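The tour below moves from one group of aromatic rings to the next.

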Amino acid sequence: MSAYELPAWLDTRFIENALSRTAAPDKAELRDILDKSLALKSLTIQEATALMRVTDPEDVALMMKTADAVKQKVYGDRIVLTAPLHISNHCGSECLYCANRKSNTLIQRKYMTSPEMREAAGKLIRQGHKRIVLVSGQLPNADVEYLAEAISILYTVFDGHGEVRRVNVNVGPLSADQYSVLLDADVGNVLIYQDTYHPDYYKAAHVAGPKSHYEKRLNAPEVALGAGVRDVGLGLLLGLSPWQFDVLALMLHVAHLNRLFGAGGHTISMFRLRPAPGSLFVPPHPLSDDEFLRCVAIMRLAVPPAGIVVTTREPSGLWRDACSRGVSQVFTGSVGSAYETWSEKPGPEGIPFPLGEDTHLDEVVRFLMEEAEHLPSFCTACPRLGRSGADFMGMVHECGMRSQCGPNSIASFEEFLINYATPYTRAVGERLIARKLPQMSEVERGAAERLLQKVKSGRMDEFI
């Protein structure tokens with residue numbers, strides 16, 4: 001397939017053999033596969049391929065329903081909300097699909113200054129955000145000190161009611177010493193997206209610069225975990241190659257990291273390739289909306305413990321539907337986006353660094369409450385209590401996270417309603433909490449009511 005020297009765990013022939021299956025599973029086989037996922041056991045790639053071949057509408061509906069049931073069993077009905085913050089678009093790579101690619105002359109280049117970072121963090125906090133993921137371009141010599149400074153700055157911003165409680169980073173491959181710099185700044189989840197695991201399609205899209213080093217990027221999660229990073233997030237940029245191949249390859253990656261560290265793929269981000277000014281790339285394998293939802297559901301079923309992430313940069317109807325197909329986290333409300341809504345304006349000025357996104361957090365919260373009856377969550381308790389890495393995954397497999405997530409999510413949501421929600425959203429949110437409490441077990445409800453009482457009395461950041 002490729003001149004790359006692939007690690008033993010990424011057996012492309014094994015993947016291709018699995019994908020050679022053309023027959024849909026019968027009812028009994030489908031039920032066995034779905035029952036295995038409901039037992040929170042990871043699927044084999046043969047079982048995941050069987051799900052890819054399901055065509056009967058009733059079976060597809062059952063698969064989608066089961067994906068949501070698996071997510072409910074692991075995390076309950078809460079949806080965690082995170083804001084991406086793009087702090088720089090300087091980049092040394094030539095990724096043909098990306099506006100940040102080195103030779104693109106249509107955009108202005110920028111590093112956010114420290115005051116600008118504070119201002120951006122303040123905007124996100126005033127929407128109600130508590131979790132931020134930092135995004136920047138990838139330079140030949142990664143500016144880790146700049147990222148560490150940004151993390152430290154964000155943790156110091158306070159608006160009188162709220163603050164940033166968790167800062168994750170989306171970063172390219174680093175050395176063990178460089179990961180240590182981020183750890184010293186109290187970095188959260190380190191996101192290292194392979195985008196596509198297919199060697200040939202990867203090479204075609206990433207033609208030069210740091211990100212063109214396929215093997216180095218492939219090994220980066222292992223280096224990060226070996227350096228002491230507790231939680232690593234993996235991700236796909238769907239459309240670069242056949243999504244079926246990438247799903248199976250990512251499953252093998254998660255299994256490999258689990259064997260070495262007891263944890264791999266704390267989160268899995270599922271983003272589709274989007275238009276960008278200055279792009280030189282036509283997606284070779286674009287996904288329809290139905291294919292995207294199927295892809296999300298199969299990933300949930302295949303890797304039950306993982307946090308499955310989508311973004312509100314997807315069309316509104318699509319990311320909303322995904323929330324009932326196994327998704328547990330949504331990226332939204334950025335104050336720096338990836339240019340896709342900006343029209344091309346050639347010239348010496350270029351397109352300005354984007355400082356806004358259409359989707360406001362209050363709108364996302366209203367949808368989750370009114371249409372889906374999901375519980376919006378701003379909780380950051382787990383990492384601060386040491387529930388991360390292998391310890392976190394152990395709790396997930398024992399179904400212990402749901403008992404924590406329910407009360408903590410309600411408390412963090414009440415804090416949002418009191419301090420940041422519009423009057424209408426607060427009224428709807430209070431009614432939602434009143435409906436959710438009786439659905440909890442007696443122990444969970446008691447914990448939730450105690451936390452609610454503390455938050456309503458003026459306490460902040462309450463959790464168990």
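Which residues form one aromatic cluster? Select Y193, F271 and F331: these residues make up the cluster. Please bear in mind throughout that the model is predicted.

Next, consider the aromatic pairs, of which the structure holds eight. One of them is formed by W319 and F367, in an edge-to-face arrangement with 5.2 Å centre to centre and 80° between the planes. Colour helix α12 (residues 316-322) to locate W319, and helix α13 (residues 361-370) to locate F367; the pair links distant parts of the chain, 48 residues apart.

Now select F378 and F416. Their ring centres lie 5.0 Å apart and their planes meet at 20°, so the pair is stacked; the cut-off for stacking is an angle under 30 degrees. F378 is found in the loop between β11 (375-377) and α14 (381-384), whereas F416 belongs to helix α16 (residues 401-419), so the pair ties together parts that are 38 residues apart in sequence.

For the last stop, select R272 and F292. Here R272 lies over the face of the F292 ring, at 5.2 Å from the ring centre.

Terms used
Residues are numbered from 1 along each chain as its sequence is written. This is a predicted model: local features need pLDDT of at least 70, side-chain atom pairs count only at pLDDT 80 or more; totals for chains, interfaces and linings use all residues. Side-chain values use heavy atoms; hydrogens and water are left out. Rings of Phe, Tyr and Trp (its six-membered ring) pair if their centres lie within 6.5 Å; planes under 30 degrees apart count as stacked, over 60 as edge-to-face and the rest as tilted. Helices (H or I, at least four residues) and strands (E, at least two) are DSSP runs, numbered from the N terminus. A charge sits over a ring if NZ of Lys or CZ of Arg is within 6 Å of the ring centre and within 35 degrees of the ring normal.
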